[in-house]
Amino acid sequence: GISGAYSYRLDVGDAGKLSFGLGAQIYRYRLYTDGLKFNNQANTDQAIAAGGDFRAFYPNFSFGAHYYADKYYVGISIPELIENRISSTTESFILKKKRHYYLTGGYKFKIDDTYTLEPSLLVKYVAGAPVELDLNARLWAFDKFNLGISYRTNDAVVLVLGFKFKNQYHIGYSYDLTTSSLKNHSSGSHEIMLGYDFIKTKGSSSKFE
């Protein structure tokens, strides 16, 4: 697939900024089911067992809005607005993509001149599935070091370490500890993040920007 996005930011009052984003995507789906062999036919995925190849191009669009100030932020996004139908060539099985909704928010509490606490929340909703929550908390020290923890309902606990210097360079590490039934097959995952801000921020490195 290929996708592109554009965002526009507005100054709201003296402290806040409001951003809007629009995106467009086109995806190519392709799956040749006739060439698949299964050791256990009884447990085969229904979409595959139905037979017929999946081949199609589907366009889609996305939308997001984000408001932020020095101490808090709130945002909403819909990654795919069109609920496309994906069917096999024989139309023996038809899949319909569901629209996903994401709502997020966070606040920055200044404990003292050294430490700042940033709790945040991410709510994920799609019709036909339980609402999922990401509960997060990150502690900044000296506006450079951060330590965080996140709980994803029915999925994982995440530990995060990060460091920012010169208000432009970022390095981070996270470890996802699986808590769902997948823990019987996975010992978790490791992630390393490297980042660079082309526009150097001023003041506190833990501002919501």
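1. Salt-bridge network. Lys-124, Glu-132, Asp-134, Arg-152, Asp-155 and Asp-176 are linked in a network of salt bridges. A salt bridge here is a side-chain nitrogen of Lys or Arg within 4 Å of a carboxyl oxygen of Asp or Glu. The structure holds nine of them.

2. Basis of the values. This is a predicted model, with residues numbered from 1 along each chain as its sequence is written.

3. Overall make-up. The secondary structure comes to one helix and 14 strands. Both kinds of element are DSSP runs numbered from the N terminus: helices are H or I with at least four residues, strands are E with at least two. Of the 209 residues, 29% count as buried. Buried means under 20% relative accessible area, exposed means over 50%, and partly exposed lies in between (1.4 Å probe, protein chains only). The protein exposes about 14100 Å², and carbon and sulfur atoms supply 60% of that area. Accessible areas come from the Shrake-Rupley method with a 1.4 Å probe; for residues, only the protein chains shown count as cover.

4. Contact range. Take contacts between residues at least 6 apart in sequence: 41% of them join residues at least 24 apart. Contact means heavy atoms within 4.5 Å.

5. Strand β1 (residues 2-12) pairs with strand β2 (residues 16-31) in the antiparallel sense, over eleven bridges. Two strands pair if DSSP finds at least two bridges between them. Tyr-6 has Leu-22 in β2 as its bridge partner. Three residues sit between the strands of this hairpin, and Gly-13 takes a positive phi near 70 degrees. β2 also pairs with strand β3 (residues 54-68), again antiparallel, over 15 bridges. There, Leu-18 has Tyr-67 in β3 as its bridge partner.

6. His-66. This residue is in strand β3. His-66 counts as partly exposed because its relative accessibility is 29%. Leaving aside neighbours within four places in sequence, His-66 is in contact with Lys-17, Leu-18, Ser-19, Tyr-73, Val-74 and Gly-75.

7. Strands around β9. Strand β9 (residues 115-126) pairs antiparallel with strand β7 (residues 100-107) over seven bridges. In that pairing Leu-103 stands opposite Val-123. Strand β8 (residues 109-110) joins β9 through two bridges, also antiparallel. Lys-110 has Thr-116 as its bridge partner in β9, and a hairpin of four residues joins β8 to β9. Ten bridges then join β9 to the antiparallel strand β10 (residues 132-141). Tyr-115 has Ala-141 as its partner in β10. Five residues lie between β9 and β10 in their hairpin, where Gly-128 has a positive phi of about 90 degrees.

8. The side chains of Glu-118 and Arg-138 meet at 2.8 Å, N to O. Glu-118 lies in β9 and Arg-138 in β10, so the pair ties together parts 20 residues apart in sequence. Glu-118 is buried at 4% relative accessibility, whereas Arg-138 is partly exposed at 31%. Asp-134 and Lys-124 form a salt bridge at 3.3 Å, N to O. Asp-134 is in β10 and Lys-124 in β9, so this pair ties together parts ten residues apart in sequence. Both Asp-134 and Lys-124 are buried.

9. A link across the chain. Lys-164 and Asp-197 form a salt bridge at 3.8 Å, N to O. The pair links distant parts of the chain, 33 residues apart: Lys-164 is in strand β12 (residues 156-165), and Asp-197 is in the segment after β14 (189-196). Lys-164 is buried at 7%; Asp-197 is partly exposed at 24%.

10. Aromatic rings. Rings of Phe, Tyr and Trp (its six-membered ring) pair if their centres lie within 6.5 Å; planes under 30 degrees apart count as stacked, over 60 as edge-to-face and the rest as tilted. The count comes to eleven aromatic pairs. Tyr-196 and Phe-198 are edge-to-face, because their ring centres are 5.2 Å apart and their planes stand at 85 degrees. Tyr-196 is partly exposed at 39%, and Phe-198 is exposed at 74%.

Terms used: Predicted model: local features only at pLDDT ≥ 70, side-chain atom pairs only at ≥ 80, totals over all residues. Heavy atoms only, no water.
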